[in-house]
Amino acid sequence: MYDRVAKHVHELMTTDISALSFTTDIWSSDVSPTSMLSLTAQWINAEFKLQNILLHAQEFVGSHTAAAISDALANMFETWNIDKSKVHVIVRDNARNMIKAMYDSGLKSIPCMAHTLQLAVNEGVLSQRSISEITATGRKIVGHFKHSPLAYSRLQDLQKQFGMPSKRLQQDVATRWNSTYYMLQGLLEQKRVLAAYMTDHDLPATLSAHQWMLVENIVSLLAPFEQLTKEISSAQASVAEVIPLIAALKRLLGKEAETDHGVKTAKKTLLEAVNKRFQDIESNPLYGIATILDPRFKDHYFDDEKRQDVREMVQT
C-alpha cells in the first residue's frame, strides 16, 4: 500500500509544478519520549485546483536543534526530489529553533497563525493572576470527575435530572489555549449541575460567585479567538485571510462591551499582544500580495500608504 501511494506521489511531484508551499511541525508525546517531524505540501495544479499531500512523517530523535531540523527537512526534500528553488514558503511554529532552521536553510517561512494566537492569548489573558487562579480551580474540579468513576456517575445522574445530555467535563492542555476555553465553557454549562452536586458531595475546589461571573466574561472575550482559530485551521484556509481576520479581531478588542466587567485589563493586554504578534503582516509580501489578489478582500484592508506599497510588491 505504502509503495503504491509513494509511487503516485512521486509521479505527482514530477509534474509541471512551478511552486509548492509546505507546513511542518514537531509533535512530542506526553506519555513517551517520542517526537515526530511532519511535512505537508500544497500547490495549485494545471486545472487551478488546490492539492494537499502529507509527504513525510518521521520520528525525530535527539535534540531539536535548528541544525537537526534543517538536516531533516533537507533529507525530506531529497527523498521526494523537491528542488529548494520551488519552495514558495513554509508555515512553521514560532519556536526559535524552527525559525533559525528555516533561515539557515535559506527557506522563506511564516508563523502558523493558530500558534501565534496561542501565544497572544497566553500573554494577554491566561497569564493574568485572577484568570490563572480560575483555570487552576477549574482543572481541580474537572480532575475530580475525571479520576473518580463514582463522582462522574453522580454527575451523570444530576445531568439527567436537569434534562441535560450526559457530558464529560473537558480537561485543558497547556499547549492549546482553546482547550482552556472549552474547559471553562463546559464548567459554565454545568454550573447548576455542579451546584447541586456540592449540596451532597465535596469538591476539591470551588468557584466564588465573582469568579463564575469572570468565567462567563472570559468565555465571551475568547469566543472570537476560538471562531478565528477554527477558520484559519480549516483545509481551505489561505494566507490571504490573515490580514482581514486580524483587522476584524483588533476592531472587536478595541470596542467596549457589556461583558468587559472584570476582564478589561485582560482585554487591553490581549489587544497589545495581538498588535505585537502581528505587527509586520501588512508589510510582509507573503501576506500583502495574497490579500490584495484575493477578490474577496482586494485592497480594502490597507491604508493609503500600505495600499501603494502592496501594489508595488505585486508589480515587482
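Helices (H or I, at least four residues) and strands (E, at least two) are DSSP runs, numbered from the N terminus. This is a predicted model, in which local features need pLDDT of at least 70 and side-chain atom pairs count only at pLDDT 80 or more, while totals for chains, interfaces and linings use all residues. Residues are numbered from 1 along each chain as its sequence is written, and side-chain values use heavy atoms, with hydrogens and water left out.

**Exercise 1. Overall description**

Task: State the secondary structure content of the chain, its extent along the principal axes and its buried percentage.

Solution. 
- Step 1. The chain comprises 13 helices and 5 strands.
- Step 2. Its C-alpha trace spans about 70 × 55 × 35 Å along the principal axes.
- Step 3. Burial is classified by relative accessible area: buried means under 20%, exposed over 50%, and partly exposed in between (1.4 Å probe, protein chains only). Of the 316 residues, 41% count as buried.

**Exercise 2. Salt bridges**

Task: Describe the pairs E123 and R277, K167 and E189, and R311 and D299, with the position and exposure of each partner.

Solution. 
- Step 1. Side chains of opposite charge can pair when their charged atoms come close. The criterion for a salt bridge is a side-chain nitrogen of Lys or Arg within 4 Å of a carboxyl oxygen of Asp or Glu. The whole structure contains 12 salt bridges.
- Step 2. E123 and R277 form a salt bridge through their side chains (2.3 Å, N to O). This pair links distant parts of the chain, with E123 in helix α4 and R277 in helix α11, 154 residues apart. E123 is partly exposed at 26%, and R277 is partly exposed at 31%.
- Step 3. The side chains of K167 and E189 are joined by a salt bridge (2.7 Å, N to O). Because K167 lies in the loop between α6 (149–161) and α7 (177–189) and E189 in helix α7, the pair ties together parts that are 22 residues apart in sequence. K167 is partly exposed at 38%, as is E189 at 39%.
- Step 4. In the salt bridge of R311 with D299, the closest N and O atoms are 2.7 Å apart. R311 is in helix α13 (residues 304–315) and D299 in the loop between α12 (285–293) and α13, so placed that the pair links distant parts of the chain, 12 residues apart. R311 is partly exposed at 38%, whereas D299 is buried at 16%.
- Step 5. A network of salt bridges links D299, D304, R307 and R311.

**Exercise 3. The second largest pocket**

Task: Give the volume of the second largest pocket and characterise its lining.

Solution. 
- Step 1. On a 1 Å grid over the protein atoms alone, a cavity is a set of points where a 1.4 Å probe fits but cannot get out, and a pocket is an open set with protein on both sides within 12 Å along at least five of seven lines; lining residues have an atom within 4 Å of a point. Grid points are joined across faces, edges and corners, and a volume is the space filled by probe spheres set on the points.
- Step 2. The second largest pocket has a volume of about 320 Å³. Its lining has 17 residues, of which P111, R277, F278, D280 and I281 are the closest to its centre.
- Step 3. At least two lining residues come from each of β5 (109–111), α4 (113–126) and α11 (264–277). β5 provides the largest share, 3 residues.
- Step 4. Ala, Val, Leu, Ile, Met, Phe, Trp, Tyr, Cys and Pro count as nonpolar, Asp, Glu, Lys and Arg as charged, and the others, Gly among them, as polar. The largest cavity

Task: Identify the residues that line the largest cavity.

Solution. 
- Step 1. The structure holds 1 cavity of 30 Å³ or more.
- Step 2. S70, L73, A74, F77, K84, S105 and L107 line the largest cavity. The largest share of this lining, 4 residues, comes from α2.
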